[in-house]
Each structure stands twice: as C-alpha cells, then as structure tokens.
Amino acid sequence: MTDLTPPVPTAPALGAGRTSIIRMIVRDPLALTGLIVLLLMVLVAVFADLLAPWDPLKPELALVNAPPGTPDHPLGGDGAGRDILSRLIFGSRLTLLSAALAVGVSVVIGVPSGLIAGYTGRKFDAVASWVSDVVLSVPNKVVLLAVIAAFGPSVLITMTAFGVLLAPNLYRLVRSQTIAVKNELYIAAARVSGLSDTRIIARHVLYVVRAPVIIQSANLAGIAIIVQSGLEFLGLGDPGQATWGSMIGNAFAVLYLAPTAMIWPGVAIGVTVAALVLVGNGLRDAVQGTSGRAPRRRHRRAAAVAVPASETASAAPVAVSDGPGELVLEVRSLRVGYPHGETTSVVVDDVSLAIRRGEVLGLVGESGSGKTQTAFAILGLLPRGGEVLAGSILVNGTDVVRLAERERRRLLGRAISYIPQEPMSNLDPAFRIGQQLVEPMMTRGLRRAAATKRAFELLAEVGIVDPKRTFDAYPHQISGGMAQRVLIANAISGDPELLIADEPTTALDVTVQAEVLALLRRLQQQRRMAVLLVTHNLGVVADLCDSVAVMQNGRIVEVAPVTELFGNPRHDYTRKLLGSTLDDTDARPAYREPDAAPQEARA
Amino acid sequence: MIAFALRRLLFGLSLILFATTATFFLVYRDASLVTRNILGEGATQADLDARAAAMGLDRPILVQFLDWLGGAVTGDFGQSYFSTESVASILVSRVPVTLSIVAVGVLVSALVSAVLGILAAVRGGVIDRIVQVLSVIGMALPNFWVALMLVVVFAVTWRLLPATGYVSPAQSVSGWLASITLPVIALAVASIAAATQQVRGAMIDVLDTDYIRTLRASGVRERSILFRHALKNAASPALTVLSLQFIGLFGGAIVIEKVFALPGLGTTAVNATLQGDVPVLLGVVAVTVVIVVAVNLLIDLANGWVNPKVTLR
C-alpha cells in the first residue's frame, strides 16, 4: 500500500445508516472473515505471553538461521538465533498498537476539524483546508524521517506524528460529508425548530459521517501498519522490540542464508492489512447498496425472446391510427422489467403502440407510469439491469429486439434519434458543443469539414443566433434552452425517420418551453418525422400530438386521436388526468393577479 | 486558465516555503549536540566552540534559517556535516535515481490501473471480481516485502535481473531499464491496486450518466464512448489520485531504495537521519517538495484540460 493514498471513498448514500454497522459487516462473508482475523490478531497480541513458546529476545547459538521445522521451533530461528514464531507472536503487539495510535490521533484531529469546517465554513474552513492540502502534498515518510531525526526512534512519537499526517484524509472526508448533510432539508428543519448547532452536529451530522469514517479508518490503519513496518525495516524503530518490520529487516540481512525467514512476517502484515481492507470494503458496499458492483454484461437478445410476442394474447388497446403513410414504429405487447435474483419488477407491461410517418404520438401518464422506460426500450438503451422481457419492437418492419447489439446500435442516430429531458446533463461536459455535433455525423461517414459545415447549418436551423460561439462553447457555458436546441440539432442531424422525445420541455423555463415546442413542431412538419413524445404535460400534447396513449402503472389504458381524447375521454384515469390540469380551472379570485396566465394555458 | 495556473503556482510556492521552514525548525539542534556528534567524545569544549563558530552554528537560529533559505533559493544547500561534499552536489547525483523509479512507477501505475479499472467497470462479472481480489492483495502487501520477494525470485533464484545497484541511462539505456525494473514493479504494485479501484469507480459512475446515453442514442461508436468520452470524464478523479500516488511513491521509494541498494534520495535521507546530518536531510526535504509541487502543478494543468469546469474554481 502506498503511503498517502487510501482509496478515496465515494460519498455514500446519505440516509443509509439506519442498520447497525456490525450487522452490515456480518452480512458480507468476506468482511466477516476480515473481522474474525482482526479479532484473532488482537487476541494473539493480548495473550502473547501465554502463546509464545520462547522469549522473543533471547538468542541461542544453535538456532542461528535454523530452517523451518527445527524441533520445538516450527518456523526456525533468525540471524541472531531467536525463535521466529515467538517473535512473530510478540510482533503483533507493537504493530497493532501503532496502527491504533495513528488512527486514534487522526480521528481525534480529523473528525472534529472536518465537522467544524464543513458546518460553519468561513475562516476556519479556509485555514484548515489549506493546512490539509499542505500536509497531503508532502511525502509523509520524508516528514517522518525528519521527526525521527528530531526526536529519536520512539514508536510513540513517530506514530503520533503519523496520525497527524493522516488526519487530512479524515478531515476532507468529514468536511465534504458534512457540507452535503448540512444542505439536507431535515437539517434545516432541525435548525428552524430551535436545536442548537452542537446538538445538530452530535445527533444528525455525526450519525451520517460515522460509517464513512470507519471505512476510511480501516484503510488508514492498514496504511499505518505498512508504514510502521517500513520504518522498522529501515532500522528506524526501537531495536529492543520484536516487530514484523524489523523481522523482515533482519531476514533481509541473511537473505542468502535463510531465504524463508522473511516470508512469515510479510504474510502476517499482508493478512492483517487485507483483513482491514476487507472490512472497509464490506462496509462500503453495504453503505452504498449494490451499486458498488460493476454490472455484468447481459445478453439482452437471449433474454428478450423468452416470451414471444405472438404467444401473449393482448387485450390492451393498440395505438394505431388509420391514416395514410407506412408504419415507422410498431410496438407489440412490450414488457420491460428489472430482474433481481428470483423476482423481477416489471415496469412496462403489455404495451402496444404504432406511429406512421409524419405522425406525432403522445405518451402521457404521471411519473413512474413507465413512459420513459418504454422510450428507452425502443432505443435499446435501458438503464443498467433493465431488460425487454417480452414483445417486439418493429422499426420500419424490422424487429429490433431480435437484432444483434451491433446492428441495433447502427439504427441510433440514423433511423431513430432521441431528445432527452434534462438538457444540461445530456451534453458531455468535457467536450465542446461543436465536437459533440460533429462526431455523430462523422460516424455516419461525413468528413470533418462537411460535418462542421453541417453543424453550423443545424445550429442556425434550431434558432441559435451565434452558431460559431455556441459551436466553440463548453456545455457549462450555455443556458438550458440553448443546450436543448443543441440536442435537438444533434437529434435531427442524421435525418431520422423516428424521433423519440422524452419530456423535451419539462426542464426548461416557461418562456423557453413555448419556443422549443414551436421549433419541434416546425421541424416535425418540415421533415415529416414520426415522433414519440413522452410527456406528462397535456398542454404539450394538445399542441403537438395527433394521437395520445395514456399510461398508468406500466400499461396503456387508453389510446385516442387527440381531439377525441380531450373531448370524450373514456377511461377513468384519463378523465382524472385531464381534470388535474389547470387549463380549464380558474385560480381562486382572491389570489389571482391581474395578468397572471394559468401556467399551462400557453402551451 | 491562466488565473487558475497562477493560483496553483502560488499554492505550490507557499507549500515549499512552509514545508522547508517547518522542517528546519523541527530538526534544528543545539550547536553543542551537532559538534559533539562530529568531533566525538574526546573533544574539549574549546574544540566544540571553535567548530560551532566555523560552521556558523553559534549564530541565532533565525539568522541561520534566513541564511539557509537565502542559499537554498540560489541552489546552495550548505555543507554536509560528515563529508566534504556540498549538499547540492549530493542531491544532483541522487535525484535522477529516485526520479527514475518514481516517474516510471507512476507511468506504469497509470497505464496498468487504467486498463484494469476500465476492464473491471465495463466487463463486470468474473473479470471485475478477479480485479477486486488482486487489488485487495496489492493493497495489503508491504512494498518493501514485495521488493524482497522479487529479489529472491528474479535476482537470486533465476538471475534474470540485477538485485542491486543503479545504471545511469547515459551509460546504458538497457542497463538502466534492467536496474530499475524490479524497483519499479515493487513500487507500483500497491499504487496500481489503489488507482485501479479509483478508475473502476469513476468509470462506473461516468458510464451511468445521461450524456453517455445520449451519445449512444446519437450513434457514436462504443469504442469512442469508452475511450474518448468516458475516459476523459473519468480522468479528472483519476488524475487527482495520480498526484497523490506520485507523492506516495516518493515515500515508498525511500524503503525500496534500501532493498535494491539504489543511491537515491531515500537512501540519502535515511542515512542522514541515522547520522543526524541536518543539512543533507533539509536538502532532501526541500528538493522532494519542489519536485512534488512541480509535478502536481502539471497534473493540475492536465486536469484543467480534461475538465474545463475545474479552471473556474
């Protein structure tokens, strides 16, 4: 383990601390093993006098470099003729004490200072953060050498100093966690209800930082053991004590005579540190939930054909109009779910819909009704763990669910394109806007010059006033409305036949919403695209859509041409949905401002 | 960007000043202790005083410090207590050795951890679990012990590589490579283990973002998504780790140099500590901090490039 680089824990989920820490560890077999090993180590250290068969410091001439298996001395003797097993047992004492001391000191310094800096901010934060940056920027072993030069080889002083050097790791962790918690609503509520800052810190903040601090402390303890052993190995420790580090140092001196002597202390250090790391990792995974594991790549195709579409008799309404024009998209009895071991949570069930060229189908429903999941399933870009469990998705007559991943991907940006909901998080922050427009076009075979020229045209087409400036900007330098225009430009750059727009105006300011809707309407009519418009906003539906499918709890409950749905809703849920919008209801007179338009009437 | 670079430079300079000042006052010793140490038990008080006067140790501590600082700025770090060599000339001969193993170690660590971390994040499953296990083992083994094992296996048993010594690349490039191979491996193992975890975590986070989905929806090839977009976005946290790794490897080098008997800064610092050779130790601290600051500055600038938002802070 390198000196100053404990794995920086990613901020764990905040409220995830209601189960006891011990229970979290016990549930993970690896972490439990680690915990048991640590407990055994502590017992060995405490009862070293009883366990060790010989005096660890007493040399015996016959035992000099004795090989393992020597009678009464199972691990043999070292270069000075001392029993290796006994030294190993006694060595655990100083090693564990050093780790405990260093971690203790860094907790005592790092946690309170991190709490104060994170909670109050201001001057203390500025000064403490500077000091912490300074300490983290200096190789700590070099500092320890200076400390040893100044105070002599005392383990106590060296490890106290090392604890100080480790403290910034905890300081930074606690500070960032505290800042995160401080902005939580329940802390604000606690403050409003009159709890003192000290009580808030003690009761709420400490509770949240507890698990991360323990995780980090386990890592720091491992680092402390390795650094302490390293110093002992260099001969900078106390020569009167048996330690694992000095044992490796002694073995190093007789490397050619007794090469096995260095194995045991090394293994002892390795096992102890590994146990600490495992306990830390187990706790980290427990706190973060299953997200700590990387996903296994699934063979989506195989899973998708489990229930062929033809075998599921569908009673659900199918969104298909009788109008002219060929079908661009046809979804049949689509079922999407997230398997967790034995159970599967189904988020889209038996959904069928169809869109013809030049037609706009609105997919409405409240949040969690499965609209967006349906859209992602059509794109073939379901979030991790999601699968198409049954049904088929026909794009221009081809069932894309049965296509190989590679072929399916080829449709994206060409036949099918996508406009996301939240513009700012959908542009890559590390690349200029222009590059993000040019790259997909180059993937489609355009040369860079041609793609760049086209990007300027597209930016102008979506109504961006200064295309050159936007082309050269990074995403964080433009507004949300501009970003959405950029994403629309990107979506139409491949001349798609089917455009999937997932709540394209929800994240925008009201004034910008109207402009973006107008833009979408114009582009759709000029290009005769088939559009699947996912939204919860019935105003948007009325404005843009030809027909509407209403979703509830993963199913489509009603499909109708837009005029019919608004005029004569058949399903209860649709009526409720219509009734809950503000369009036709007047605000109460007393609260109505003279010229305030009802929020959604403009759309 | 320029303001950002200047801010980082200013922090670096304040760091150098702070670290050297703190070290000076930490290791400062009373003149009689120093001269007794040099001249031995038999020396008379008059001898000691004369020696102290000759070395300038009889001046007030603040004067001594300012004198040292003034010299250090111009590259004059004074004289070793125990040899006739100037500290500056000792440092000049030692820095390339340590820098060789640390710089190559960081490079190796960055490359290997990038490959392993991406593999674990993208492939998942068994590969991920293997990488995780290797990384726990890598973190748990002390680097000097790994070094010893490497010596036993590759140098003593198989005689493939030299166990000790350093060859300057000016003499022979292949000899240089052979002389630093084992130290670099020993140094990099733990660093790879830690950095792999970071790369893996950062990649998993980035691959889950909205903009990666939108890039996929735009038809951008998976190769470009992984190695251009995801990697560049994951690079920012990884670079921060890299700068910490570099500092950590400098510390690690101190122990590793002893195993391989490399005449680097670490060996020098350890010997100076054991002897109480204050000027040499101060020189090592100063030059180490300067190198660390310079490298961190470079990494900060690289960070400003991969993550345009950083420069705004």
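Student: In chain A, how many bridges join strand S4 (residues 387-395) to S5, and how do the two run?

Tutor: Strands of a sheet pair through backbone hydrogen bonds, either parallel or antiparallel. Here two bridges join S4(A) to S5(A), and the two strands run antiparallel. Two strands count as paired if DSSP finds at least two bridges between them. Helices (H or I, at least four residues) and strands (E, at least two) are DSSP runs, numbered from the N terminus. Within this pair, Leu394(A) stands opposite Asp399(A).

A word on the source: this is a predicted model, where local features need pLDDT of at least 70 and side-chain atom pairs count only at pLDDT 80 or more, while totals for chains, interfaces and linings use all residues. Residues are numbered from 1 along each chain as its sequence is written, chains are lettered from A and ligands numbered from 1 in the order in which they are written, and side-chain values use heavy atoms, leaving out hydrogens and water.

Student: How is the size of an interface given, and what is the value for chain A and chain B?

Tutor: It is often given as the accessible area lost when the parts come together. Chain A and chain B bury about 7200 Å² between them, 68% of it on carbon and sulfur atoms; the area is found with a 1.4 Å probe and summed over both parts. In contact terms (heavy atoms within 4.5 Å), 77 residues of chain A meet 80 residues of chain B.

Student: How many salt bridges cross the interface of chain A and chain B?

Tutor: A salt bridge is a side-chain nitrogen of Lys or Arg within 4 Å of a carboxyl oxygen of Asp or Glu. The rule finds three across this interface. One of them joins Glu439(A) and Arg228(B), at 3.5 Å from N to O.

Conventions. Buried area = accessible area lost by both parts, 1.4 Å probe.
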